[in-house]
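Look at the chain as a whole before turning to single residues.

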Amino acid sequence: MTNIATTTKNTWCPGCFNFQILAGVKKFIEGEIDLGKSKDDFAIVSGIGCHAKIFDYLNINGINSLHGRVLPTCLGLKVGNPNLNVIGFSGDGDAYAEGMEHIIHAARYNSNFTYVVNNNQVFALTLGEPTPTTELDFKDKTTPYGVKVNPINPLKLMLASGATFVARVFADINQVELVLKEASKHKGFAFIEIIQPCIIFHKDKGYKEKIYNLESSHDKTSFEQAWRKADEFNYNIVTRIPVGIFYQKQEEVFEDKFAILKKFQENKTSWKDIKR
Ligand SMILES: Cc1ncc(C[n+]2csc(CCOP(=O)(O)OP(=O)(O)O)c2C)c(N)n1
């Protein structure tokens with residue numbers, strides 16, 4: 001049995017849902033290695049924040065990138081080695097504030113990697129300031145009169161930007177493992193939002209109890225259905241929260257548009273053969 005845990009001391013708050021996400025990611029990668037993949041087939045990229053500490057807890061190659069710069073780093077890895085299975089990790093601040101411009105272009109480029117956003121609705125590492133997905137009227141020391149602007153809807157943003165795989169799950173080991181399996185089978189940019197309630201800086205809104213799986217009748221090839229389902233939950237008014245794969249379509253991936261990168265993928269060349 002493979003074990004990709006490190007011995008680094010874990011500094012997340014006891015009970016943080018990041019532990020569930022870490023366990024799900026670990027289970028997914030270890031499962032793939034047990035089925036014949038090599039540890040070196042994987043690369044992880046993280047931003048800056050509580051979420052980013054996952055980088056310290058997994059013995060996998062990668063880059064602990066800058067705040068908001070996970071996506072260009074993932075793209076660079078894929079262009080450098082299109083055979084790598086790359087997974088990027090952001091928080092909601094990392095993804096939708098500092099990194100906002102990148103997610104639109106990542107959806108547009110459709111490079112073949114997975115992007116996970118741990119959404120706890122606050123900048124947690126810096127003590128709980130509101131992010132672009134914090135709900136109206138949320139108060140903290142920096143925002144004493146409360147948030148006055150509506151949160152963005154990340155799933156709708158991704159759909160509108162042309163993402164070819166759009167999913168949401170709750171921070172639960174099995175849901176995380178399962179969605180990563182589906183994302184790794186997808187050829188193209190796979191966007192996964194994980195609802196990860198912050199147990200310190202964001203009052204519990206009972207999200208866990210409001211989760212339900214997308215109906216079996218949900219047609220993930222239908223943009224209209226995906227859009228309607230994405231509209232059901234916007235981090236503001238919480239009634240029910242659908243989870244699962246909202247949308248999936250096949251489109252040529254960025255790496256395949258370059259003959260030389262295709263050769264890499266078919267193992268017909270390596271960087272050593274390239275004359276500069
Ligand atoms: C460019 C830049 N801006 C701000 C910071 C300060 N900073 C470090 S961590 C962090 C919060 C990260 O929040 P989020 O991405 O939501 O992740 P979380 O801690 O909630 O997991 C901020 C603002 C930074 N390191 N770099």
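A residue counts as buried if 20 or more other C-beta atoms lie within 10 Å of its own, as exposed if 12 or fewer do, and as partly exposed in between. The model discussed here is predicted. Lys156 has 16 other C-beta atoms within 10 Å, so Lys156 is partly exposed. This lysine lies in helix α6, which covers residues 154-160. Leaving aside residues up to four places away in sequence, Lys156 touches Trp227, Ala230 and Asp231. Val86 is 70 residues from Lys156 in sequence, and the two C-alpha atoms are 24 Å apart in space.

The same burial classes can be applied to the whole protein. Of its 276 residues, 42% count as buried. A compact globule of 276 residues would have a radius of gyration near 19 Å, and the protein agrees with this because its value is 18 Å. The C-alpha trace spans about 60 × 45 × 35 Å along the principal axes. Among contacts with a separation of 6 or more, 71% join residues 24 or more positions apart.

The secondary structure comes to ten helices and ten strands. Eight strands form an open sheet with mixed pairing, in the order β2-β1-β3-β4-β8-β7-β10-β9. Its edges are β2 (62-64) and β9 (211-213); each has a single partner strand, so one side of each is left without a neighbour in the sheet. On average, neighbouring strands of this sheet are turned by 20° against each other, direction ignored.

Within the sheet, β1 (residues 42-46) pairs with β3 (residues 85-91) in the parallel sense, over five bridges.

Which residues are the closest to the ligand? They are Gly49, Gly91, Gly93, Asp94 and Ala124, out of 19 residues that surround the ligand. Two elements give two or more residues to this shell, α4 (92-98) and β5 (122-123). Helix α4 supplies the largest share, with four residues. By residue class, the shell divides into six nonpolar, ten polar and three charged residues, with Gly counted among the polar ones.

Definitions and conventions:
Residues are numbered from 1 along each chain as its sequence is written. This is a predicted model: local features need pLDDT of at least 70, side-chain atom pairs count only at pLDDT 80 or more; totals for chains, interfaces and linings use all residues. A residue is near a molecule or strand if its C-beta atom, placed from the backbone, lies within 6 Å of it. The radius of gyration is taken over C-alpha atoms; the globule rule is 2.2 Å times the number of residues to the power 0.38. Two residues are in contact if their C-beta atoms, placed from the backbone, lie within 7 Å. Two strands pair if DSSP finds at least two bridges between them. Axes are lines fitted to C-alpha atoms, for helices over the stretch in contact, and angles run from 0 to 180 degrees between N-to-C directions.
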